[in-house]
Amino acid sequence: MESMWLKYTLLVEPDIEDLFVAEVLTSPYTLGWIEPQIEVLTTENGYDYAENTEGPVVGYLFEPEHDSEEEHVARLKDYLTRWGAKVTLKEVEVVPEENDSWKEEFREVQIGEWWVAPTWTDPALLEKAEHVLWIDPGAAFGTGYHGTTQDMLLFLQEQQLTDKTVIDIGAGSGILTLYCALNGAKQPVWAVDINSQSEYQVRVNASNNHLPQEAVQVVIGDAQEPSIADQLPKQAELVLVNIGGDENIAMLPVIAERISPEGLVIMSGIVDWNREAVLAAYEEAGFTAAGERHSDEWVTILMKRKG
């Protein structure tokens, strides 16, 4: 008989997020993950997203189903009273116990001469693979399946990375960051992301790839904020940015300030209909296009800083 679980969707005020997580981890409930509320938008410039940084984050709790749903919910609501109005129950679902079945969704994928694969991949499937980047999915964006990530990784395989300082803006789970660290880039490689879950996932995946802790420096926050930008190196030979067309333009002052003469920028998250705007902004700032890749409507561009 299939086991069933209760899945609870909660809204958690940001100021108690850390306290909430710490306490739930010692409770009878299983914490799934915490994520910001994000709304995917389609604008005249292409795909975009809006993150609610002012409102609550979304948390997911699970517990095995033993009693009626009403009894479970009543106990949960009683448990949540310790946080008052700062934690509210948004939705309740009864879901089958997944065990490890969810892992079937994440399979090995070949990108150029490299494979990106989760650590549970059957070794027989990779016995002929010369280069493997071990990436386990998590709450941070980045599994290697998206065309933008793949095209950026293809560009990276064409570059000489030895001793280059690299900043990866929108690092997610760390695929591009860790590729650079494994291929001779100056350590640490700088991984920047607005998602607080990114640091944990990058660290996990760095360990998966037998990289020392000092190989990567994770910075959580928006690189446009002076307090975040000040944590980054003053100059880099390579900047990676995969966050969206408008966001790539918004990030241009930060990139232009830090890119070295003749330095390279590989950027994606661009779509066909805002390609020209992105190119125009970077060309006006002293960059020239040195390569381009397309995956469906997605565009990835290699830009070079004019000396």
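**A predicted model in questions and answers**

Modeller: At 26% relative accessibility, Met4 counts as partly exposed. This is a predicted model, in which local features need pLDDT of at least 70 and side-chain atom pairs count only at pLDDT 80 or more, while totals for chains, interfaces and linings use all residues. Residues are numbered from 1 along each chain as its sequence is written, and side-chain values use heavy atoms, with hydrogens and water left out.

Biologist: In which strand does Met4 lie?

Modeller: Helices (H or I, at least four residues) and strands (E, at least two) are DSSP runs, numbered from the N terminus. The strand that holds Met4 covers residues 4–12 and is S1.

Biologist: What distance separates the C-alpha atoms of Met4 and Val94?

Modeller: Along the chain, Met4 and Val94 are 90 residues apart. In the model, their C-alpha atoms are separated by 6.6 Å.

Biologist: Is His210 buried or exposed?

Modeller: His210 is in the loop between helix H5 (197–208) and strand S12 (216–220). Buried means under 20% relative accessible area, exposed over 50%, and partly exposed in between, with a 1.4 Å probe and protein chains only. Because its relative accessible area is 72%, His210 is exposed.

Biologist: What is the phi of Glu262?

Modeller: Glu262 lies in strand S14 (residues 259–271) and is partly exposed, at 43% relative accessible area. Although Glu262 is not a glycine, its phi is positive, at about 70°.

Biologist: Which residue does a cis peptide bond join to Gln187?

Modeller: The omega of this bond is about 5°.
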